[in-house]
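Have the viewer open as you read.

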Amino acid sequence: MVSSFTFQAPGLYARHGFVETGRTEGLPIEGAAGVHLTKQLRGSARQRRRGYRALGEPHAQPQTGPPRGPATRGKGDYESLEALHGPDVLTCSDATAAAAHGAWSRRRGRSRESPTMTTTKQLKSRVRARMARTGERYAVARAHVVGSVDAGPVVDLGWALRGGVDPDTAALTNVLAHRGVTGPDGPLTEPLLFLVGGGLGAGYILWEFAHDDGRVVTLGFTHSWQYFDRRLATTVDRLGLDVAWARTGGAAGAAEALSSTLAAGDPAIVWPDRYHLGYWNLPPFLDGQGGHPVVAYAAAGGRVHVDDRTLAPLTVPATDLDRARARVGSYRNTMLVVRTTDAAVPADRLRAAVRAGLEAGEDHLGGTSTSFALPAWRKWSRLLVDPRAAKGWPTVFADRRGLLRALASVWEGVESAGMAGGHLRGLFADGLEQAAVLLDEPGLAAEAPRWREIADRWHALAETALPDDVPAIARLRTLTATVTGAVAEGDAGSAERAAAAEELWRLRAEHADAPPLDEERLAAVLAGMSGHLAAIHDAEAAAVTDLGAVLNR
């Protein structure tokens, strides 16, 4: 007798003659089930003692531990690990091997638990550590740690949790997949839709607030990043989709509109304030600081099921979501519902949409604004080390107060291990490769490696901003990764992310008046960041020029 989960290996056991004898619903998470199977073993006594080994099943080797499937390396920034949804489970190959080894061990009178199995706690720790070290998002980091199996996404109340990278594009991608809206030859992928919306952007602003002496770094990495709804509005328009926008002013009316939409079985893209959502466990001083779009796809028991690029069910009290949607005045109670269902975007329309997005992105990045185009990187590079400029970091942070927050904002904003998707240069590269096929333009694919090299430059900048050879900073990075990783794990990660967030914000408060860096190291950090940004500006400017040439512009 063996046990598996619905998203793991029951099919594999069935192919080897096992018969399902029962299920335990809701295990290990809502929407999944434990599957119990049996098989009468035949053959010699020696074969029966060997159990699965005699039947050609995977088996554990004492020196190497249980066998694993080949690790799938995340392609760029967008590859979703749809097989790695459960926060507390192993991959299919791990589970199969563990079952086989466990059966073999029991027949030999050994411990019921294989000493070579990776425990859930150890697995999480390794994933978090990789996220903190590499800046990778949860799904990619987990893929490198445990490998992947194409078992399909977790399905919660009819909604498939597919994950994603960019909040805006991932939300629309997942809604379209749910509604049965495809391209002419298959699904509309996140990288391709990212291009349709205009792709990349550039932006840097250092805000100073007199009321609390706050200094806040804001970075933009997408087209029209300063407008909350423009990319999605442009994307659905270019694709010719039938959508409905709602911007109800009153809280009661907005709550009723969302409730009735969900009751009708329609998912809605909404814009809540992160603080009031609750699951990010942010401190009160971030109340009203905004957030990114998420998908509300179902309501049950006074809670709303939301998809924030998560891989397992995540729920929020309905009253909290209502409050979060009403908090930020510029997009209070905004809701986007896609009405189009079971349709394919015509090939000519999709090609025109992708080309229009690429051209818009080239225009945006090639602009002259020092806040909203590529010159922003050059300006930022200069201001990091200029002691004479009023907005120079040596001037703004002369007292060192708030400097750690600024440096942490750079790491969190640049890396996909942060809350909002990161610099997205890898996602753009993936989109170029897909657009090359769609548009029959090989030159686009030839540009993709350049953007992946630029992505590496951004990672180097983030590493410089928060050097992990400083113990307090290394801990800050680990705690940040723990929170974002636990959000991806849905409600099952609630306790872990709450504990990590409490320690994280306590640690940041301890160093609010000065980062844990001496003067010499701090000067080296700012100078290093300046150098990286200057190189990034030059690399991106050259890449944008060459992209324009490929597009014959």
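The lining of the largest cavity splits into 10 nonpolar, 8 polar and 3 charged residues; here Ala, Val, Leu, Ile, Met, Phe, Trp, Tyr, Cys and Pro count as nonpolar, Asp, Glu, Lys and Arg as charged, and the others, Gly among them, as polar. Keep in mind that this is a predicted model, where local features need pLDDT of at least 70 and side-chain atom pairs count only at pLDDT 80 or more, while totals for chains, interfaces and linings use all residues. Residues are numbered from 1 along each chain, and side-chain values use heavy atoms, leaving out hydrogens and water.

A cavity is a set of points on a 1 Å grid where a 1.4 Å probe fits but cannot get out, and lining residues have an atom within 4 Å of a point. The largest one has a volume of about 210 Å³. Among the 21 lining residues, Arg137, Tyr138, Arg309, Thr484 and Ala488 are the closest to its centre. Helix H18 gives the largest share, 4 residues (helices are DSSP runs of H or I, at least four residues, and strands of E, at least two).

Now the rings: there are 15 aromatic pairs, meaning ring centres within 6.5 Å, with planes under 30 degrees apart stacked, over 60 edge-to-face and the rest tilted.

| Pair | Centres | Planes | Type |
|---|---|---|---|
| Phe228 and Tyr331 | 5.1 Å | 45 degrees | tilted |
| Tyr279 and Trp280 | 5.8 Å | 45 degrees | tilted |

Phe228 and Tyr331 sit 103 residues apart. Phe228 is partly exposed at 22% relative accessibility, whereas Tyr331 is buried at 7% (buried is under 20%, exposed over 50%, partly exposed in between, with a 1.4 Å probe and protein chains only).

Technical notes. 1 Å grid on protein atoms, 1.4 Å probe; cavity = no way out; pocket = protein on both sides within 12 Å on 5 of 7 lines; lining within 4 Å. Points joined across faces, edges and corners; volume = space filled by probe spheres on them. Phe/Tyr/Trp six-rings, centres within 6.5 Å; stacked < 30°, edge-to-face > 60°.
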